Amino acid sequence: GCSATTPVVLYLWEALETMSNKERQQFLRFVWARSRLPVTEHWSEKFKIHTTGGGDDRLPTAHTCNFQLDLPRFSSAKVCYDRLMVAMNIACDIDGDGAEAARMNWDLE
């Protein structure tokens, strides 16, 4: 289990703070299969973070149906950011919807 003060959870928030808006959209697509949060303040989906075994050599995995991120116990925010970027890019490359969205320029800022 983990809590808000678990080091890897703090690393995740730090990594998200360093991301561009485009990268944050990609993160949402990775963990939730959507590029934007709902506009309403009251929505039922809660973002879940689970810690997993392994460390810096592992990639995070996501369960989009559950809005869940399985996060290895990384050693730093930098490693967390780097590994998230790899996982997000791999997921985008194999996701037919993501490829179609990119082809149609749906997420242009």
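This section describes the fold, the sheet, the helix packing and selected residues of a predicted protein model.

The model is predicted, with local features requiring pLDDT of at least 70 and side-chain atom pairs counted only at pLDDT 80 or more, while totals for chains, interfaces and linings use all residues. Residues are numbered from 1 along each chain as its sequence is written, and side-chain values use heavy atoms, with hydrogens and water left out.

The protein contains 4 helices and 3 strands. These are DSSP runs numbered from the N terminus, with helices defined as H or I runs of at least four residues and strands as E runs of at least two. Along the sequence the order is α-α-β-β-β-α-α. The protein has 109 residues, and 34% of them count as buried. Buried means under 20% relative accessible area, exposed means over 50%, and partly exposed lies in between (1.4 Å probe, protein chains only). The accessible surface is about 6800 Å². Carbon and sulfur atoms contribute 54% of that surface. Areas were computed by the Shrake-Rupley method with a 1.4 Å probe; for residues, only the protein chains shown count as cover. Among contacts (heavy atoms within 4.5 Å) with a separation of 6 or more, 53% link residues 24 or more positions apart.

The 3 strands form an open sheet in the order β1-β3-β2, with mixed pairing. Strands β1 (48–52) and β2 (61–63) are at the edges, and each has a single partner strand, so one side of each lacks a neighbour in the sheet. From one strand to the next, the twist averages 25°. Axes here are lines fitted to C-alpha atoms, for helices over the stretch in contact, and angles run from 0 to 180 degrees between N-to-C directions. Pairing requires at least two DSSP bridges between two strands. Strands β1 and β3 run parallel and are joined by 5 bridges. I49 has L69 of β3 as its bridge partner. T52 is likewise bridged to P72 in β3. Strands β2 and β3 are antiparallel and share 3 bridges. On this side of β3, H63 is the bridge partner of Q68.

Strand β3 is mostly covered, with 5 of its 5 residues buried. In a regular strand, side chains alternate between the two faces of the sheet. In β3, Q68, D70 and P72 point one way. L69 and L71 point the other way, and all of these residues are buried.

Q68 lies in strand β3 (residues 68–72). Its relative accessibility is 11%, so Q68 counts as buried. The side chains of Q68 and H50 make a polar contact of 3.3 Å. A polar contact is a pair of N or O atoms within 3.5 Å; within protein, one must be able to donate a hydrogen and the other to accept it, and residues adjacent in sequence count only if both atoms are side-chain atoms. Leaving aside residues up to four places away in sequence, Q68 touches V31, K48, H50, T61, A62 and H63.

The hairpin of β2 and β3 has 4 residues between its strands. F67 sits in this loop. Its phi is positive, near 50°, although F67 is a residue other than glycine. F67 is also buried, at 4% relative accessibility. A33, in the loop between α2 and β1, has a positive phi of about 65° and is not a glycine.

Two packed helices are described by the angle between their axes and the distance between the axes. Helix α1 (residues 7–18) and helix α2 (residues 21–32) have axes that come within 8 Å and cross at roughly 135°. Helices α1 and α2 are therefore oblique to each other. Angles under 35 degrees count as roughly parallel, over 145 as roughly antiparallel, 65 to 115 as roughly perpendicular, and the rest as oblique. L12, L16, E17 and T18 of α1 make the contact with E23, R24 and F27 of α2.

A4 belongs to the segment before α1. A4 is exposed, with a relative accessible area of 60%. Not counting residues up to four places away in sequence, A4 touches V9 and L10. A4 and I49 are 45 residues apart along the chain, and their C-alpha atoms are separated by 9.6 Å.
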